[in-house]
Amino acid sequence: MEVKKMLKKKIINKSLQIISDVSDENMVNLTYLLEQFAPQVHKPKVRSIRNLYKAKYPSLALTKRFMTDVNKNCQEKFLENFILSGLLDNNRKKEKLLAAQEANPAFVLLISPTMRCNLKCTGCYAESYKKEEDLEFETLDRIITEAKEMGTALFTILGGEPFLREDLFEIYRKHSDAYFQVYTNGTLINEEIAQKLAEVGNVIPKLSIEGFEKETDERRGRGTFRKVMEAMENLKEKKVPFGYSVCVTRNNIESVTSDEFVDSMIEKGALIGWYFLYMPVCGDKSTRLMPTPEQRYYLKTRRDHIRSTKPFFMIDFWNDAPYVGGCVAAKWYCHITNRGDVEPCIFTHFAQANIKTTSLKEAVECQFFKEIRARQPYSPNLLMPCMLIDSPEVIRELCKTCEVRATHPDAQTLTEDLKDDLDKYSQETHKIFDKVWEKENKKIEKKQA
């Protein structure tokens, strides 16, 4: 074990040495180093990244920002915990479990230690939760321990507002060999919290934002945008890597994908942006805020533009589905609520297992999860990955055939009240994206020929 640790340290030091001079040549050299240690299944991916560096692909200039804008402790934790342990070592653990057919371990595990929040955003249910309903520290600790043993690479901490729980820093310190991303409204990240994040090094915050000041304050309350900007400044000053998260709606899609907005986030120091479609999963009996099919395609075109022109990485959760084979719910990731319910994804508010009465290994092998995996992908068109809005008949069937329970109030609204609206939405989206998918496949076939 000590030899292994020494080898990792040597690789990390060599990697940082190579890219301390953040030239394109050194970025290419780093991929050769990583390829030596990558599992066979990941070697082609490393080579494809190398080709992008050789082609001077703009978004990969993000690596240069990582070297200049992030403190050394955070750099080392990212390389050791996420790249070497998370992506490489943990892949071997997962493959061993899969080969033995013992379990289908999550690559990413989402956990909501609390659903309490210090904001009262329009349409959000978090204000109804109490401290007594938080996930116990001991249970949270056990979940992470079991997940690491199974090969989980990344832990995503959600809420509510995670920074309401000060004991989470005990978790980050105790599991200093793990890597965490924390979704937060950002309003509690003062200089002290930013310093703590710099010291632990294994946490990357993702700050939720609705767009510019007008859009953000309209939903999250007056003054929230200013507080988020202050949080970004605190993180940037301490050289803590961070990103932002956007809930894309019919109303804000043009604003949050504009060059002006993305450039402002880069200037603030954000390295990555997550874009999620608004989902009517919290009892909203209307699809009026969901981006239209045409807007979903617009989001894809903006993603391509941003990646090809900026030193920044944008993740479009739906349009990026082809890169991971479609839906990853119950397969590559799952979500554990503050009450311990194990959901297949953050948007699917139904569960069959509870972590308080079962192990993580047993929970991911429940009938509900197995049935989901057996149906993936739900459509040959991987740009239509979701069983909630793209193939809504799937979740309705699963709720009938599996003994599941709702994990949030009004969860059935999605499968009952919105049945006709979502069927129509799916049909209209297919009309656009089936043509897009056909063109995408032709491009892939042409490259492979």
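Predicted model: local features only at pLDDT ≥ 70, side-chain atom pairs only at ≥ 80, totals over all residues.
## The sheet

Ten strands make up an open sheet with mixed pairing, ordered E7-E6-E5-E4-E3-E2-E1-E8-E9-E11. The edge positions belong to strand E7 (313-316) and strand E11 (353-354). Each has a single partner strand, so one side of each lacks a neighbour in the sheet.

## Overall build

The chain carries 17 helices and twelve strands. It has 449 residues, and 57% of them are buried. Among contacts in the chain with a separation of 6 or more, 72% join residues 24 or more positions apart. The exposed surface comes to about 20,300 Å². Carbon and sulfur atoms supply 52% of that surface.

Strand E6 (residues 272-277) runs parallel to E7, and four bridges join the two. Ile272 has Phe313 of E7 as its bridge partner. Trp274 is bridged to Ile315 in E7. Strand E5 (residues 243-248) is also parallel to E6, with six bridges between them. One of the pairs there is Ser245 with Trp274 of E6.

How many of the six residues of E6 are buried? Six of the six are, so E6 is largely enclosed by the rest of the structure. Both of its faces are covered. Ile272, Trp274 and Phe276 are buried on one side; Gly273, Tyr275 and Leu277 are buried on the other.

Arg303 sits in helix H13. Is Arg303 buried or exposed? Arg303 has a relative accessible area of 4%, so this residue is buried. Leaving aside residues up to four places away in sequence, Arg303 touches Met314, Asp316, Asn319, Asp320 and Tyr323.

## Helix H5 and its partners

Two packed helices are described by the angle between their axes and the distance between the axes. The axes of H5 and H6 come within 7 Å and cross at roughly 80°. H5 and H6 are therefore roughly perpendicular to each other. On the H5 side, the contact is made by Asn90, Lys93, Lys94 and Leu97. On the H6 side, the residues are Lys148, Glu149 and Met150. By class, the contact of H5 with H6 holds two nonpolar, one polar and four charged residues.

Helix H5 (residues 72-99) also packs with helix H8 (residues 191-200). Their axes are 7 Å apart, and the angle is about 50°. H5 and H8 are therefore oblique to each other. Which residues meet in this packing? Asn73, Cys74 and Lys77 of H5 meet Leu197, Ala198, Glu199 and Val200 of H8. The contact of H5 with H8 divides into four nonpolar, one polar and two charged residues.

Conventions. Residues numbered from 1 in each chain as written. Heavy atoms only, no water. Buried < 20%, exposed > 50% of the residue type's maximum accessible area, 1.4 Å probe, protein only. Contact = heavy atoms within 4.5 Å. Areas by Shrake-Rupley, 256 points an atom, 1.4 Å probe, with all protein chains shown as cover. Axes fitted to C-alpha atoms, helices over the stretch in contact; angles between N-to-C directions. Parallel < 35°, antiparallel > 145°, perpendicular 65-115°, else oblique. Nonpolar A, V, L, I, M, F, W, Y, C, P; charged D, E, K, R; others polar. Pairing = 2+ DSSP bridges.
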